[in-house]
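User: I am new to this structure and would like to go through it step by step. Could you take my questions as they come?

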Amino acid sequence: MLFPTTLVGSYPQPEWLIDRKKLAGRFPPRVRATELWRVPAQYLGEAQNDATVLAIRAQEKAGLDIVTDGEIRRESYSNRFATALEGVDIDNPGSALDRSGHPNPVPRIVGKIRRKHAVEVDDLRFLKRYTTRLTKITLPGPFTMSQQAQNDFYPSPAEAAMDYAAAVNEEIRDLFAAGADVVQIDEPYMQARPQPAREYGLKALNRALEGIEGTTAVHICFGYAAVIHERPSGYSFLPEFAQSPVKQVSIETAQSNLDTAVLKTLPGKKIMVGCIDLNDMTVESPGKVAERLRRALKYVKPEDVIVAPDCGMKYLPREVADAKMRAMVEGARILRAEYSGKETR
């Protein structure tokens, strides 16, 4: 199918599950933030399951082709995996500057980073139990996790990133073995800190993908629209992914009005084109979505375009997220009819 549709990862968690005002009033948590959940611990797992089913059904109802679990069980995109690893002290956290330049509590590295057990595999199995559509699961990238930690063990941050990469590689292997159709690695800090990303971040990402044969994606962005409001018109780190075996590259073009000519530097990659502005509560028309996608189609073949929001939808009101997903699907349908000569759905 031309122009398949998907989320970058997250879908809004219900107000009855998580305190959305508290969630939006702070920087994304890097350590555990159990105080955000409204449901008592003994009922939380069941409540998260129920909310995940709602997220799956919302995506299916909107018409998405590739479905995620909505990251409903996570307090942030990265902290659930990062705090499950051996070698980090989460009870006595450290501090690191967020991409906004503000200090944030983070895991403190006190020993060798290792994956103790699978973290997201059960989430994937749950997702597959409730949908027959293609599935995608997301993981934080090794470079980003190394930037979201206080290193009190390794001689250099590069060495920490490589051990994070080994842990991510193990998780990816298990996710594909459990039936994932796409595994996406989130690496927003490659955009935020391009120099160390060039020095060792790309090497760490490639180590995370070593020996992986399934369909992989990397998401690089300018930060959540709810937290980072101003956008540059170009990426400080993007052409470098041409040197990676990753198969899909997820970018945002809507809020930033990205100069899509940069996509010429990524031949052979499928591009997940962010075409939904998450900073604007106005729902795009399908025509506006198609217009944004056409900007990328000047430089990317139609068969290499995947349709998605700019970033995770976590901070949107649910009714806005649902309407934007429907607009995204209809926008993709417009282009599908243009390029195939007939409607295919």
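User: Which elements make a right-handed β-α-β unit with helix H9?
Analyst: This is a predicted model. In it, strand S9, helix H9 (residues 286-297) and strand S10 form that right-handed unit.

User: How many bridges join S9 to S10, and which way do the two run?
Analyst: Four bridges link S9 to S10, which covers residues 305-308, and the two strands run parallel. Within that pairing, Val273 has Val307 of S10 as its bridge partner.

User: What about S8 and S9, how many bridges there?
Analyst: Strand S8 (residues 248-252) is joined to S9 by five bridges, again in the parallel sense. Here Val273 of S9 is the bridge partner of Ile251.

User: Is S9 largely enclosed or open to the outside?
Analyst: S9 spans residues 270-274, and four of its five residues are buried, so the strand is largely enclosed by the rest of the structure.

User: Let us look at the whole sheet. What is the strand order?
Analyst: The sheet is open and has seven strands, ordered S1-S4-S6-S7-S8-S9-S10, with parallel pairing. S1 (66-67) and S10 are the edge strands; each has a single partner, so one side of each has no neighbour in the sheet.

User: And how does S7 pair with S8?
Analyst: S7, residues 215-219, pairs with S8 in parallel over three bridges. Val218 stands opposite Val249 in S8.

User: Changing topic: which residues have the most contacts inside the largest nonpolar core?
Analyst: They are Ile172, Phe241 and Val249, in a core of 99 residues. Helix H6 (residues 157-177) supplies the largest share of this core, with nine residues.

User: What does Phe241 touch?
Analyst: Leaving aside residues up to four places away in sequence, Phe241 touches Met190, Leu202, Leu205, Val218, Ile220, Val249, Leu266 and Lys269.

User: Which residues does the second, separate core include?
Analyst: That core has six residues, among them Val182, Ala217, Met272 and Ala308.

User: How many disulfides are there?
Analyst: A search of the whole structure finds zero. For Cys221, the nearest cysteine sulfur belongs to Cys311 and is 3.8 Å away.

User: Are the two cysteines buried or exposed?
Analyst: Cys221 counts as buried at 4% relative accessibility, and Cys311 also counts as buried, at 7%.

User: Next, the aromatic rings. How many aromatic pairs are there?
Analyst: The count comes to five. One of them joins Phe3 and Tyr339 in an edge-to-face arrangement, 5.6 Å centre to centre and with 65 degrees between the planes.

User: Where do Phe3 and Tyr339 lie?
Analyst: Phe3 is in the segment before helix H1 (20-24) and Tyr339 is in helix H10 (residues 318-340), so the pair ties together parts 336 residues apart in sequence. Phe3 is buried at 0% relative accessibility, while Tyr339 is partly exposed at 41%.

User: What arrangement do Phe126 and Tyr130 have?
Analyst: Their pair is tilted, at 4.7 Å centre to centre and 35 degrees between the planes. Both belong to helix H4 (residues 121-130) and are four residues apart, which means that about one helical turn separates them. Phe126 is buried at 7% relative accessibility, whereas Tyr130 is partly exposed at 31%.

Technical notes:
Residues are numbered from 1 along each chain as its sequence is written. This is a predicted model: local features need pLDDT of at least 70, side-chain atom pairs count only at pLDDT 80 or more; totals for chains, interfaces and linings use all residues. Side-chain values use heavy atoms; hydrogens and water are left out. Buried means under 20% relative accessible area, exposed over 50%, partly exposed in between (1.4 Å probe, protein chains only). Two strands pair if DSSP finds at least two bridges between them. A crossover is right-handed if, with the strands pointing away from the viewer, the path from the first strand over the helix to the second runs clockwise. A nonpolar core is a set of buried Ala, Val, Leu, Ile, Met, Phe, Trp, Tyr and Cys residues joined through side-chain atoms within 4.5 Å. Contact means heavy atoms within 4.5 Å. A disulfide is a pair of cysteine sulfur atoms within 2.5 Å. Rings of Phe, Tyr and Trp (its six-membered ring) pair if their centres lie within 6.5 Å; planes under 30 degrees apart count as stacked, over 60 as edge-to-face and the rest as tilted.
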